[in-house]
Structure formats: C-alpha cells, structure tokens
Amino acid sequence: MLIRYADDFVIGFEREDDARKVHEVLPKRFGKYGLNLHPTKTRLIAFQAPRAGSQGAKRPEANASFDFLGFTHYWGKSRKGRPIIKRKTASKKLSRSLKAVGEWMRKHLHLPMREQWEKLQQKLQGHYGYYGITGNAACLEQFYDAVKRLWYKWLNRRSRRRGDMSWERFGKLLRDHLPLMKPRVVHSIYRAKS
C-alpha cells in the first residue's frame with residue numbers, strides 16, 4: 001500500500017522482510033534520478049493492529065505511532081471495540097499553529113477588536129478545515145481553548161491598566177458580540193457513508 005501526497009509518502013507492507021528490502025533499495029533507486037530520502041524522516045516502524053487480548057506492555061510495537069501530513073496516526077479502538085487506526089493533530093503542528101496565532105496577535109495588538117476577531121475567525125476556520133476530521137475533536141477543542149486564552153491575554157495588554165478586561169467581561173464579549181467559531185468536524189467519515 002502506498003499513500004502519497006506531493007513529496008511525502010508512507011508505504012505499508014504486510015511482511016517485514018518486504019519492508020526491509022524496499023528500505024534498502026529505495027535510496028539507490030531515488031539516487032538514479034538525483035533524489036534522496038530525508039535521513040531523519042525515513043524509518044521502519046512496526047505498525048500493526050494489537051492482537052485481541054494482548055497488552056501494550058507485552059507488545060510495545062503494537063502501540064507504535066507515526067506522524068504524516070500533520071497528523072499522528074496511532075492504534076485505538078472503535079465504538080464496537082475493534083482495533084482501528086486513529087488520527088489526531090501532531091503535537092508539533094498544534095504548538096506551531098498556536099505560536100503563529102500568538103505571534104500574529106502580538107503584532108496586530110493595535111487593530112480594532114472587530115478586525116482582530118474577523119482574522120481569528122479565518123484562522124480558526126482554516127485550522128478546522130484541515131484538522132477537522134473524525135476522531136480529532138479533542139485536539140480541535142484544545143486549539144480553540146488556547147486561541148481564546150491567547151486573545152484574552154493580548155486584549156488585556158492593550159490597556160496600561162492590567163486586568164482591565166476581566167475573564168467575565170471577556171466571556172460576555174464572546175457570548176454577546178464576538179463569538180469565536182466553535183470547533184467542528186469538517187471531514188466526517190460518517191457523513192461520507194450516508
């Protein structure tokens with residue numbers, strides 16, 4: 001199985017010996033065309049469904065995970081208790097996104113509140129548009145809460161008197177005038193089935 005997006009790819013094998021053969025041959029094949037594999041991003045991992053009744057401590061490879069296209073892929077259980085591959089926002093990507101939002105707020109502290117809100121709505125919509133997949137609701141909620149706290153922090157720094165914007169006043173502002181877009185799953189596997 002090959003999953004590819006632009007120059008990133010993951011190859012899945014049923015047998016370990018096949019994976020090792022391709023891992024040896026691939027750099028030579030790429031070299032013929034003047035290409036090379038990134039040494040820290042290229043690796044073999046045992047990513048297989050945990051066997052029924054097995055404990056993670058006995059089979060640590062069954063708990064392996066990997067990051068691909070901004071998501072961490074890991075084994076979990078379906079609602080019916082079957083092993084399935086789950087995805088969540090990769091922690092590096094989540095941190096990077098929040099850092100970018102915080103930096104934007106710092107640089108645009110002088111903008112009127114409504115303009116800040118409009119830009120934040122766009123940033124939230126973009127984040128949900130990419131990371132809003134089935135099973136990733138907790139990470140979406142984490143991003144939303146962090147953006148809300150960041151906006152509160154930077155709004156409080158607009159005034160020379162710290163604490164001018166209390167948390168209660170900020171909550172009222174969000175509730176009555178400038179509500180931030182709530183986290184939502186944009187790409188649902190359940191909607192695709194209907």
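Buried means under 20% relative accessible area, exposed means over 50%, and partly exposed lies in between (1.4 Å probe, protein chains only). This is a predicted model: local features need pLDDT of at least 70, side-chain atom pairs count only at pLDDT 80 or more, and totals for chains, interfaces and linings use all residues. Residues are numbered from 1 along each chain as its sequence is written, and side-chain values use heavy atoms, with hydrogens and water left out.

**Helix H4**
- H4 covers residues 137-156. Helices (H or I, at least four residues) and strands (E, at least two) are DSSP runs, numbered from the N terminus.
- At 1.5 Å a residue, its 20 residues should span 28 Å, and the end C-alpha atoms are 29 Å apart, which agrees. The expected span is 1.5 Å times one less than the number of residues.

**The nonpolar core**
- The largest nonpolar core has 28 residues; Met105, Val147, Trp151 and Leu180 touch the most other members. H2, H3, H4 and H5 each supply at least two residues of this core. H4 gives the most, with 9 residues.
- Such a core is a set of buried Ala, Val, Leu, Ile, Met, Phe, Trp, Tyr and Cys residues joined through side-chain atoms within 4.5 Å.

**Around Leu180 and Gln121**
- Leaving aside neighbours within four places in sequence, Leu180 is in contact (heavy atoms within 4.5 Å) with residues including Trp117, Gln121, Tyr144 and Trp151.
- Gln121 lies in helix H3. Gln121 is buried, with a relative accessible area of 15%.
- Not counting residues up to four places away in sequence, Gln121 touches Pro179, Leu180 and Met181.

**Salt bridges**
- The count is 5 salt bridges. Each is a side-chain nitrogen of Lys or Arg within 4 Å of a carboxyl oxygen of Asp or Glu.
- Arg15 pairs with Asp17, with the closest N and O atoms 2.4 Å apart. Arg15 is partly exposed at 46%, and Asp17 is partly exposed at 32%.
- Lys172 and Asp176 meet at 2.8 Å, N to O. They are 4 residues apart in helix H5, so about one helical turn separates them.
- Asp176 also bridges to Arg175 at 3.9 Å, N to O. Arg175 is exposed, at 59%.
- Lys172, Arg175 and Asp176 are linked in a network of salt bridges.
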